[in-house]
Amino acid sequence: MNPNGTMNNGNKEPPMRAPGDPREKRSGTQPPRWNWLSMTTAGLVVLFLVVSIYSAISQTTAPGTQITLTRLAADVASSSIASISVSGDTVSAVYRDGSIKTTQKETGVSLSSTLSAYGITPAQLKAIDISVEQPSGWLIWFEDLSPVIGSLLFVLLLIWFMSRQMRGAGMQVFSFGQSKARITMPDDVKEKVTFKDVAGAKEAKQELSEVVDFLKNPKKFLDIGAQIPKGVLLMGAPGTGKTLLARAVAGEAGVAFFSISGSEFVEMFVGVGASRVRDLFKMAKQSPAAIIFVDEIDAVGRVRGGGVGGGNDEREQTLNQILVEMDGFEPNEKIVVMAATNRPDVLDPALLRPGRFDRRVTIDLPDRGDREEILKIHSRKKPFAEDVNLKVVAERTPGFSGADLYSLMNEGAILAARENRTKVSQYDLVRAIEKVMLGPERKSHILSKKEKEITAYHEAGHALVGSVLEHCDPVHKISIIARGRAGGYTLHLPLEERKLQSKKAFLDTIAMSLGGYVTEKALFGDVTTGPSNDLQVSTALARDMVTKYGMSDKLGAMAFEGSEARALFGQGLEEKEYSAKTGDEIDAEVSRIMAEAKKRAEEAVSTHRTLLDAIAKRLVEKETIERDEFEAILVAHGVQPKKSDTPIEGLV
Ligand code: ADP
Ligand code: MG
Ligand code: ZN
């Protein structure tokens with residue numbers, strides 16, 4: 001692979017054609033189906049027909065003028081009726097004058113009993129010629145049953161509709177199940193990302209170029225009997241470019257990219273996740289070659305069956321389905337599953353077994369050189385003033401992820417635009433660093449005179465202790481302008497980028513963290529809530545020294561907390577692995593370290609009292625002191641400043 005990230009290509013596959021057009025579309029092969037609306041409409045139409053046929057029938061069998069039963073009875077009594085014919089419930093009376101009148105009798109009651117209820121005697125009845133006409137069989141049936149059928153139909157419809165809704169949740173024949181994957185097709189130029197768009201991450205790119213190679217030319221691998229990578233797990237801090245890299249692999253290999261986020265699998269209804277997985281793999285298998293990318297897989301891939309409050313069924317099923325699908329690949333299927341996580345320690349070990357995500361690629365935070373490269377990539381469309389020096393920006397942004405650098409560039413451009421300049425200057429970028437690192441300045445956060453003094457002394461305390469103690473990093477900037485959550489801050493950057501920390505450096509760092517606290521206490525005889533974060537951070541560091549790094553002489557070279565590697569393969573995550581007695585000893589050691597650090601901070605503050613006052617005074621005046629000015633104050637008070645050219649940040 002050359003530095004530009006272009007791959008040596010074997011026989012290049014012709015690019016896959018996108019079915020339809022859209023460059024990014026929601027997936028979903030939908031079976032032809034009735035939706036509930038058309039079903040309900042059909043049901044209503046049937047019901048309407050039944051009712052209208054019924055009423056039509058009842059009307060056609062009732063010719064002549066309508067009279068009441070009472071009237072009929074009266075006419076029978078007065079012998080003005082010649083004959084009566086009964087058809088169903090319809091009673092037609094033929095009068096002696098030839099007119100025909102009809103009325104309705106009650107259903108199921110014979111005419112004779114009806115009339116006798118009206119006081120007609122059997123003798124009077126006999127005088128009339130009564131004929132009972134049997135209506136044709138189906139008509140009776142229909143007349144009697146149509147109300148029943150109607151309501152039955154309605155109830156059935158209702159039941160069907162409701163049950164469908166309930167099943168719908170689990171069954172997803174209807175709209176729930178289709179995987180929500182976003183698809184990027186290989187011939188999609190606008191969305192295409194290649195290794196060129198990913199700066200740094202050299203090792204990761206190298207590892208992944210194997211996957212690219214396989215997707216382009218699987219035969220080469222299969223012929224030699226090589227095991228093909230099925231699953232690749234990308235691990236790294238948030239914003240290190242995991243998602244970006246996965247896209248780049250697809251872009252380099254020229255294959256379809258199906259991407260879904262772990263959290264999207266998990267929805268309200270049980271079974272949705274699993275069916276989404278099925279759909280996703282089914283779709284991917286229809287492409288000639290594809291990458292399935294499950295972002296943030298820890299959302300579904302956590303250790304199963306553990307978990308506080310019982311395992312989450314839904315997650316487990318989804319995870320199981322992923323595993324089943326991965327196991328079910330044919331060797332000739334050109335699908336590689338990629339997944340990303342920033343919590344590899346919580347993943348279920350089953351995911352990491354051979355044949356699953358057995359390739360693991362770690363992406364580290366970028367180092368200085370990489371940061372410069374990333375900045376270059378994100379400055380592509382931004383016009384720069386001549387004074388911009390990305391190298392310096394890269395030096396001042398240790399610990400920044402790719403995403404941080406991206407937003408730094410963006411913030412810089414926004415600052416320039418807000419001040420109506422057409423070019424981004426170095427000053428914009430420097431301000432953007434602080435904005436990204438610490439959050440925006442809270443100029444509106446007005447301090448009272450007293451608060452300002454306390455904050456100034458607090459920060460001066462940090463800066464002073466940090467300058468006096470040998471192993472602390474040089475102070476780059478002190479400010480009492482509130483930023484993000486911090487009331488003020490002291491920025492100190494190390495001499496060189498380093499991967500290893502020594503015990504002495506830790507001890508001095510803890511002392512420096514306590515510098516604010518001891519100063520407040522020494523000067524004002526009181527402590528504010530200001531240093532609470534300092535205390536948290538430094539106590540955690542002291543505990544790590546004892547339990548993780550073996551830096552306590554008393555407890556010796558032992559780690560008391562499961563390492564990440566152990567948590568990655570084992571199960572027990574938060575379990576304590578030491579006795580209560582050892583626990584007490586750990587606590588005692590942590591207290592001792594904290595107490596000693598506090599003592600050293602106190603000594604530094606009291607021996608350099610005039611220096612402390614000078615720093616605090618200047619801070620109250622100017623609110624921000626930059627490095628040059630700070631070092632001038634140090635020299636004026638007989639303290640030698642530390643030399644540094646390649647800085648890194650640390651923050652107290
Ligand atoms: P992650 O998935 O690891 O959280 P992303 O891939 O979403 O991080 O990265 C977020 C953004 O940060 C990317 O879209 C890109 O703009 C930028 N970025 C991160 N790493 C890099 C890199 N190595 N090179 C260029 N840009 C990067
Ligand atoms: Mg991501
Ligand atoms: Zn502080």
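Modeller: Let's start with donors: these are N, O and S atoms within 2.8 Å of the metal (3.2 Å for Na, K and Ca), and since water is not among the atoms, sites may look incomplete. This is a predicted model in which local features need pLDDT of at least 70, side-chain atom pairs count only at pLDDT 80 or more, and totals for chains, interfaces and linings use all residues. Residues are numbered from 1 along each chain, ligands are numbered from 1 in written order, and side-chain values use heavy atoms, without hydrogens or water.

Colleague: Which spacing do the donors of the zinc ion (ligand 3) follow along the chain?

Modeller: The pattern is H-x3-H-x71-D. The protein donors are H458 (NE2), H462 (NE2) and D534 (OD), lying 2.1 Å from the zinc ion. H458 in helix α16 and D534 in helix α18 are 76 residues apart, so this pair links distant parts of the chain; helices here are DSSP runs (H or I, at least four residues), numbered from the N terminus.

Colleague: Are H458 and D534 buried or exposed?

Modeller: Buried means under 20% relative accessible area, exposed over 50%, and partly exposed in between (1.4 Å probe, protein chains only). Both H458 and D534 are buried.

Colleague: Where is T509 found, and what is it in contact with beyond its sequence neighbours?

Modeller: Contact means heavy atoms within 4.5 Å. T509 is found in helix α17, residues 503–524, and is partly exposed at 25% relative accessible area. Leaving aside neighbours within four places in sequence, T509 touches C472 and L541. T509 and L541 are 32 residues apart in sequence, with 9.1 Å between their C-alpha atoms.

Key
Helices (H or I, at least four residues) and strands (E, at least two) are DSSP runs, numbered from the N terminus.
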